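This briefing goes through one protein model by topic. Please have the sequence and the 3D view at hand.

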Amino acid sequence: MAYGSYNGYGWRPYVSVGQRRAQARTEMNALRTKGVDVQPVVIDGRKIAKTFWGEAWCDHLESFSDYANRLPRGRTYVRNGSVCHLEIKQGEILAKVSGSDLYNIHIQIKTLPPKKWKDIKTRCAGQVGSLLELLQGKLSGHVMQVVTNRNEGLFPLPGEISLDCDCPDWAVMCKHVAAVLYGVGARLDQQPELLFKLRGVDHEELIAADAEAAVSAATSRGKSKRLAGDDLSDVFGIDLETSDDAKTTKKPRKKAAKGVATNSRPVKTPGKAVAKTAAKVSAKTSAKTAAKKTSAKAAGKMAEATEPGAKKVTVKKAVKKAAQPTAAAKKRAVAPR
C-alpha cells in the first residue's frame, strides 16, 4: 500500500459520501469518453449478495479469520456505490473505488490447478442436471458441498489471493479492497459464470462430464458397448425411431424404368365437370373416326370394282361418288306412288 502524510496526521481530510459520488461520476464519465467499458457495482437494498453463487463467495471469504475481521470495513463502501468499476478476468480482478480519491485495486487469484478441477468434475459427474441449473445454483446437496468445499472447492484460498491498492492505508486488506471482494459476490449474482472464468476453468465441462457419466452408466447395463435407442432417448431426452417402427412405416421405393424421371408429380384426379367434358370430346372423336373408316371402306370397294383399263379413282372422289344417289334411286324418288 502507498503511504503519505496529509495535514501532519498521516490521513487525508474527510470527504462526504455525496462528494465522493460526484467525484467518481466525473472520473467515470471521463473514462467512458476514452472508450473504457465502465462496470460499476450496484447494490439494491441492504443485502449484498442474494443468490447461491454470490452468497457462497462471501461466506467462503468470511470463513477465514484474517478476512473475517477486515471485510466488514468494505461493506459500507460497496453498499453506497463506491465501487465505480469492477472487471473480472482470468486470474485477476481490476477495480476502481471512490474514497478520498479514486483508487485503483488489483487482486490476483491463482487459477484452479488441473488436478483439483478434475477431482471436482469427477465428484459432480452424473448429478448436474443442466447448464441452466448449474448457473442458477439449483444443485443437489452433494454438488453444493463439492463446489463450496473450503479447501477442495472452486473458491480460492487466502494463500492463492494477492491484494494491491494504491491508497495510503498500510493494511494489506484496506476498506477499498474489502469493498471490491464484496463487489465480486454481488457481480456473481448476475453473472455466476465469471467465477469459473476467474479460476481459469470452463463451467460447461461439468455438464460434459455429467453426460459422459450418463452414457457410461447406460452402456454398463449390458455386455455391448453400443447404446440401445431407449437408452439414448433417456440420456439425451429425445424420441428416437426404432428399427421395427422404421420397417413398418417405410415402404421400399420402386426402381424407375430406364430413362423415366422418378421425381414426377402425382397426377391429380379430375373433377366431375372435367370428366364430363372429356367424355363428350371422346364421343365426338370416336364418331368422326368411325365415319371416316366407313367412307374409306366404301371407296375401297368401288376402286376394286373398277375395270383394269379404267382410270384410277382417288379415295376422295370415291367417297364423293358413293355419297351421290344412284339413277334407280332417283327414279324411285320421282315415280308416283
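Predicted model: local features only at pLDDT ≥ 70, side-chain atom pairs only at ≥ 80, totals over all residues.

Is C174 buried or exposed? At 0% relative accessibility, C174 counts as buried, because the cut-off for that class is under 20%.

**Cysteines**

- The structure holds 0 disulfides.
- C165 takes part in no disulfide, and its nearest cysteine sulfur belongs to C167, 3.6 Å away.
- C174 is likewise in no disulfide; for C174 too the nearest cysteine sulfur is that of C167, at 3.7 Å.
- C165 counts as buried, with a relative accessibility of 1%.
- In general terms, a disulfide is a covalent bond that joins the sulfur atoms of two cysteines.

**The sheet**

- Four strands make an open sheet in the order β1-β2-β3-β4, and the pairing is antiparallel.
- The edges are taken by β1 (83–89) and β4 (161–165); each has a single partner strand, so one side of each has no neighbour in the sheet.
- From one strand to the next, the twist averages 10°.
- β1 pairs with strand β2 (residues 92–98) in the antiparallel sense, over 6 bridges.
- Within this part of the sheet, V83 stands opposite V97 in β2.

**The helix across the sheet**

- Helix α8 covers residues 175–190, which is 16 residues.
- From its first C-alpha to its last, α8 reaches 23 Å, close to the 22 Å expected at 1.5 Å a residue.
- α8 lies across β1, β2, β3 (102–109) and β4, and runs at about 65° to β1.
- Most of α8 is covered, with 13 of its 16 residues buried.

**Aromatic rings**

- A search of the whole structure finds 4 aromatic pairs.
- F52 and W53 form one of these pairs, with 4.8 Å from centre to centre and 75° between the planes, which is edge-to-face.
- W53 also pairs with F196: the ring centres are 5.7 Å apart and the planes stand at 70°, so this pair is edge-to-face.
- W53 belongs to helix α2 (residues 52–62) and F196 to helix α9 (residues 193–198), so their pair ties together parts that are 143 residues apart in sequence.
- W53 is buried at 1% relative accessibility, and F196 is buried with a relative accessible area of 1%.
- One aromatic cluster is formed by F52, W53, W117 and F196.

- Y67 sits in helix α3 (residues 65–68).
- With a relative accessible area of 9%, Y67 is buried, because that value is under 20%.
- Leaving out residues up to four places away in sequence, Y67 touches L61, P72, P158, I161 and M173.
- Between Y67 and M173, the separation is 106 residues in sequence and 8.0 Å in space, C-alpha to C-alpha.

Conventions: Residues numbered from 1 in each chain as written. Heavy atoms only, no water. Helix = DSSP H or I, 4+ residues; strand = E, 2+ residues; numbered from the N terminus. Expected span 1.5 Å × (residues − 1). Buried < 20%, exposed > 50% of the residue type's maximum accessible area, 1.4 Å probe, protein only. Disulfide = S-S within 2.5 Å. Phe/Tyr/Trp six-rings, centres within 6.5 Å; stacked < 30°, edge-to-face > 60°. Contact = heavy atoms within 4.5 Å. Pairing = 2+ DSSP bridges. Axes fitted to C-alpha atoms, helices over the stretch in contact; angles between N-to-C directions.
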